[in-house]
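Hi,

Here is the structure I said I would pass on.

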Amino acid sequence: MFPQGGDSTARLRLLVSISEAAAALGISHRSVRGLIYTGKIRSCKVGARRLIAVEDLESFVRSLRERQPQ
């Protein structure tokens, strides 16, 4: 999901914000919140922030691809 070269911190990120998830998916942050609300994307609270595991975003994208006809 994140670049594999250059900045090593990009490869170490495990959690992203809703805005970062929205940018990665190419959708609005409101859409991401809707996906969280409906249970299609899992999230967790860390302090006052709602974060999404990169692994869960990748899983969501895989599930979309599996549902698409070939």
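This is a predicted model: local features need pLDDT of at least 70, side-chain atom pairs count only at pLDDT 80 or more; totals for chains, interfaces and linings use all residues.

The protein chain has 70 residues, and 24% of them count as buried. Its accessible surface comes to about 5300 Å², with 51% of that belonging to carbon and sulfur atoms. If you look at contacts between residues at least 6 apart in sequence, 45% join residues at least 24 apart.

As for secondary structure, you'll find four helices and three strands. Going along the sequence, they come in the pattern α-β-α-α-β-β-α.

The three strands make an open sheet, ordered 1-3-2, with antiparallel pairing. At its edges are strand 1 (15-17) and strand 2 (44-46), each of which pairs on one side only. From one strand to the next, the twist averages 50 degrees.

Take the pairing of strand 2 with strand 3 to begin with. These two run antiparallel and are joined by three bridges, and Cys44 stands opposite Leu51 of strand 3. The hairpin they form has two residues between the strands, and Gly47 takes a positive phi there, near 65 degrees.

Then there is strand 1 with strand 3, again antiparallel and again over three bridges. Here Val16 is the residue that stands opposite Ile52 in strand 3.

Ser17 also sits in strand 1. Is it buried or exposed? Ser17 has 14% relative accessibility, so it counts as buried, the cut-off being under 20%. Leaving aside residues up to four places away in sequence, Ser17 touches Arg49, Arg50 and Leu51.

**The helices**

Helix 4 lies across strand 1 and strand 3, and runs at about 60 degrees to strand 3.

Val32, Leu35 and Ile36 are its buried residues. They are on the same side of helix 3, because they cover an arc of only 100 degrees around the axis. Arg30 and Tyr37, on the other side of helix 3, are exposed. What do the buried residues of helix 3 pack against? Their partners are helix 2 (18-25), strand 3 (49-53) and helix 4 (54-67). Strand 3 therefore comes up again: it is packed against by the buried residues of helix 3, and helix 4 lies across it.

Just after helix 3 comes Gly39, which takes a positive phi of about 85 degrees.

**Charges and a few single residues**

How many salt bridges does a search of the whole structure find? It finds one. The partners are Glu20 and Arg13, and their closest N and O atoms are 2.8 Å apart. Both partners are partly exposed: Glu20 has a relative accessible area of 30%, and Arg13 is at 34% relative accessibility.

- Asp56 lies in helix 4 and is buried, with a relative accessible area of 19%. That value falls in the buried class because the class takes in anything under 20%. Between Asp56 and Lys40 there are 9.5 Å from C-alpha to C-alpha, and the two are 16 residues apart in sequence.
- Ser63 is in helix 4 too, but it counts as partly exposed at 25% relative accessibility. Ser63 and Lys40 are 23 residues apart in sequence, and 9.6 Å apart in space from C-alpha to C-alpha.

That's what I have for now. Over to you!

Cheers

Technical notes:
Residues are numbered from 1 along each chain as its sequence is written. Side-chain values use heavy atoms; hydrogens and water are left out. Buried means under 20% relative accessible area, exposed over 50%, partly exposed in between (1.4 Å probe, protein chains only). Contact means heavy atoms within 4.5 Å. Accessible areas come from the Shrake-Rupley method with a 1.4 Å probe; for residues, only the protein chains shown count as cover. The arc is that of the directions from the helix axis to the C-beta atoms. A salt bridge is a side-chain nitrogen of Lys or Arg within 4 Å of a carboxyl oxygen of Asp or Glu. Two strands pair if DSSP finds at least two bridges between them. Axes are lines fitted to C-alpha atoms, for helices over the stretch in contact, and angles run from 0 to 180 degrees between N-to-C directions.
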